[in-house]
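Here is a short report on helix packing and ring contacts. The structure comes first, then the details.

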Amino acid sequence: MSDLHNMSQPAGALGSPARAASGPTLVERAYEHLLSMLMTVKIAPGERIPIDTVARQLGISQTPIREALSQLEAEKLVYKTTNVGYRASPQMTPEEVHDLYTLRLLIEPYAAARAAEQIDDETLSVLQSIQADMDAVVERDEQAYARFAEADAQLHRLIAKGSGNRLIEETIERLHAHLQIFRSLYQNSAQPNAPEVAAREHQAIIAALLAHDPVAAEQSVRDHLTCSQQRMDRANGTSRR
């Protein structure tokens, strides 16, 4: 059951009670809140999103909520129906998930190569922290998976940002949002991306980035995404030759 109507106090996606002078705008707060609810399936696929309820939860007017929903509609995460309003987009089909990985394979290996060339000391420190988080994941309980999922998302965001290409960064971010929603729906079932297996693949990616090796970074990301796509296909019963 959705948690949309069960939140007891207004808060942004990160739990901030009010907008600071230097903090996010109201539209940004609304966007991050709604995106978090969608990605954690607290707003389920196909569920109606009542703007007045969200406005009360956040303690703001409906105008920034509508603007945030318009952004999410452009990213295909919600859709608008006449006389009904906004709904969360339907659940992705296994075929769509396969196609999403195919698109990632066209973009992310290139981004990893560029990131390896441009990586700075601050990013290297973050990479080492991500690696430590992944190494600590040895059990496949829900809490461990949540830690791994966050480290995984952080690594791919870092690669996208490190590419130095804003359009690539934005595209990868949107693709990951759709994939995370699909993963959240199945996190209590057999995990297609077993953390202990994927962590080894991430080790190769991080090692290449730390070594400033664009060729190895590109290949390791391609290998990881190919294996992830195959695991997801098997889990969905859509294995392909």
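## Ring contacts and helix packing

Arg-114 lies over the face of Tyr-110, 4.9 Å from the ring centre. A charge sits over a ring if NZ of Lys or CZ of Arg is within 6 Å of the ring centre and within 35 degrees of the ring normal. The structure holds 0 aromatic pairs (ring centres of Phe, Tyr or Trp, the last by its six-membered ring, within 6.5 Å).

This is a predicted model: local features need pLDDT of at least 70, and side-chain atom pairs count only at pLDDT 80 or more, while totals for chains, interfaces and linings use all residues. Residues are numbered from 1 along each chain as its sequence is written, and side-chain values use heavy atoms, without hydrogens or water.

Two helix pairs follow. Helices are DSSP runs (H or I, at least four residues), numbered from the N terminus. Axes are lines fitted to C-alpha atoms over the stretch in contact, and angles run from 0 to 180 degrees between N-to-C directions.

| Pair | Angle | Axis distance |
|---|---|---|
| Helix 8 (residues 195-210) and helix 9 (residues 214-236) | about 165° | 8 Å |
| Helix 1 (residues 26-39) and helix 7 (residues 166-185) | about 40° | 8 Å |

Helix 8 and helix 9 are therefore roughly antiparallel (over 145 degrees). Their contact residues divide into 10 nonpolar, 4 polar and 2 charged.

Helix 1 and helix 7 are oblique. Leu-35, Leu-38 and Met-39 in helix 1 meet His-176, Ala-177, Gln-180, Ile-181 and Ser-184 in helix 7. That contact has 5 nonpolar, 3 polar and no charged residues.

Definitions and conventions. Angles under 35 degrees count as roughly parallel, over 145 as roughly antiparallel, 65 to 115 as roughly perpendicular and the rest as oblique. Ala, Val, Leu, Ile, Met, Phe, Trp, Tyr, Cys and Pro count as nonpolar, Asp, Glu, Lys and Arg as charged, and the others, Gly among them, as polar. Rings of Phe, Tyr and Trp (its six-membered ring) pair if their centres lie within 6.5 Å; planes under 30 degrees apart count as stacked, over 60 as edge-to-face and the rest as tilted. Contact means heavy atoms within 4.5 Å.
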